[in-house]
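Look at the sequence and the model, then read on.

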Amino acid sequence: MRILTGLQPSGKLHVGNYFGAMEPAVQLQDEGEAYYFIADYHAMTSSQDSAALRENVRELAVDFLACGLDPEKAVFFRQSAVPEVNELAWILSSVCPMSLLAKCHSYKDKTAQGIAASHALFAYPVLMAADILLYDSNKVPVGKDQKQHLEVTRDIAVKLNEIYGADTVILPEPIIRADTAIVVGLDGRKMSKSYGNTLPIFGEEKPLKKLVMKITTDSTPVESPKPTEGSTILPLYKLFASSADYASMVADHEKGGVGYGDFKKRLADAYWEYFAPMRARRAEILADPSYVDRVLADGAERAREEATKVLCRVRKAVGLSPI
Ligand code: ADP
Ligand code: TRP
């Protein structure tokens with residue numbers, strides 16, 4: 001079974017990204033042949049800052065490795081290191097109806113946010129389909145926001161196979177993570193860069209713990225019982241604390257006599273401790289500057305080998321090369 005997913009290099013990794021994307025990907029690398037890539041071509045659809053792109057790609061690679069991606073198990077590469085994906089995207093776009101792309105809400109959302117309505121932004125799902133089909137992927141783990149893009153991928157794949165033969169490309173299955181995976185941000189809404197309510201996973205201890213202390217709470221006095229429903233502290237604490245520590249914080253809410261400052265401090269300590277092994281691994285990776293380059297170069301070579309095979313098959317099927 002081949003499992004493939006892509007992550008956009010779009011800035012500092014936060015706790016939502018970790019539990020929503022990194023941790024599940026790290027777990028899945030034991031369940032099949034994992035292909036994980038940094039979607040740098042896709043990142044170009046929302047920002048054209050070359051220095052930021054270079055830096056974000058590197059940072060994501062370091063962070064993903066620090067979080068447990070094992071290059072012995074997973075093929076880890078930059079999307080643009082396999083430019084063949086663009087040829088497949090072109091072939092797919094020739095069978096992709098405009099109407100299929102016109103109904104994609106991610107395009108509508110992004111243009112509504114003020115991102116320029118470029119051709120690449122419109123064609124984003126076609127490149128994503130090419131990412132998936134180029135590696136004969138069977139399973140594609142993604143967040144709920146990417147569900148429609150997976151449907152587009154399947155529609156395009158079915159169409160291609162109808163026109164050029166049933167075995168031209170493999171139909172992928174999405175693995176959509178459940179709603180429960182949504183991590184709350186410091187203000188109680190979904191944690192997201194676009195809301196400015198994130199808790200990064202790497203950084204300096206003092207400012208990060210200070211962020212935790214800024215969590216919005218109600219003004220229940222110290223001595224009174226505190227509501228557990230609608231709490232921002234509790235669901236975050238649950239991610240990091242042992243079940244006994246979590247139960248004790250719930251009990252302290254119900255009893256009263258403990259203030260929010262104390263709860264936040266427990267949360268800040270648990271959060272800091274949780275990421276200690278990842279921080280240590282990250283420091284090791286950073287101490288060997290060529291390590292990341294070696295991993296990505298090796299991943300690119302392995303990915304490209306597979307991509308070439310699939311593209312060769314597709315080129316034959318569509319008549320671009322002799323049978
Ligand atoms: P952001 O909303 O901060 O811009 P992205 O859209 O770049 O985050 O998300 C990258 C990955 O992290 C996606 O797979 C997404 O599903 C996951 N993710 C982001 N925020 C959360 C969250 N609050 N809870 C769970 N998963 C999240
Ligand atoms: N669009 C995805 C996101 O923003 C990233 C991505 C690009 C991807 N190509 C992919 C995810 C292929 C899964 C498979 O999260």
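Q: Which side chain has a polar atom 3.1 Å from an oxygen atom of ligand 1?
A: The model is predicted, so local features need pLDDT of at least 70 and side-chain atom pairs 80 or more, while totals for chains, interfaces and linings use all residues. Residues are numbered from 1 along each chain, chains are lettered from A and ligands numbered from 1 as written, and side-chain values use heavy atoms, without hydrogens or water. A polar contact is a pair of N or O atoms within 3.5 Å. The side chain with a polar atom 3.1 Å from a ligand 1 oxygen is that of Asn17.

Q: How much of the accessible area of ligand 1 does the protein cover?
A: Accessible areas come from the Shrake-Rupley method with a 1.4 Å probe. On its own, ligand 1 has 540 Å².

Q: Which residue has a backbone N or O atom 2.7 Å from an oxygen atom of ligand 1?
A: Ser192 also has an N or O atom 2.7 Å from a ligand oxygen, but that atom is in its side chain. The backbone atom belongs to Lys193.

Q: Where in helix H1 does the kink lie?
A: Helices are DSSP runs (H or I, at least four residues), numbered from the N terminus. H1 covers residues 15-28. The bend, the angle between axes fitted to the seven residues ending at a residue and the seven starting there, is about 30° shortly before Pro24, at Met22.

Q: Why is H1 described as largely enclosed by the rest of the structure?
A: Buried means under 20% relative accessible area (1.4 Å probe, protein chains only). Val15, Phe19 and Leu28 are among the buried residues of H1. H1 is largely enclosed because its buried residues number eleven of the 14.

Conventions. Polar contact = N/O pair within 3.5 Å; in protein donor to acceptor, adjacent residues only side chain to side chain. Helix = DSSP H or I, 4+ residues; strand = E, 2+ residues; numbered from the N terminus. Expected span 1.5 Å × (residues − 1). Buried < 20%, exposed > 50% of the residue type's maximum accessible area, 1.4 Å probe, protein only.
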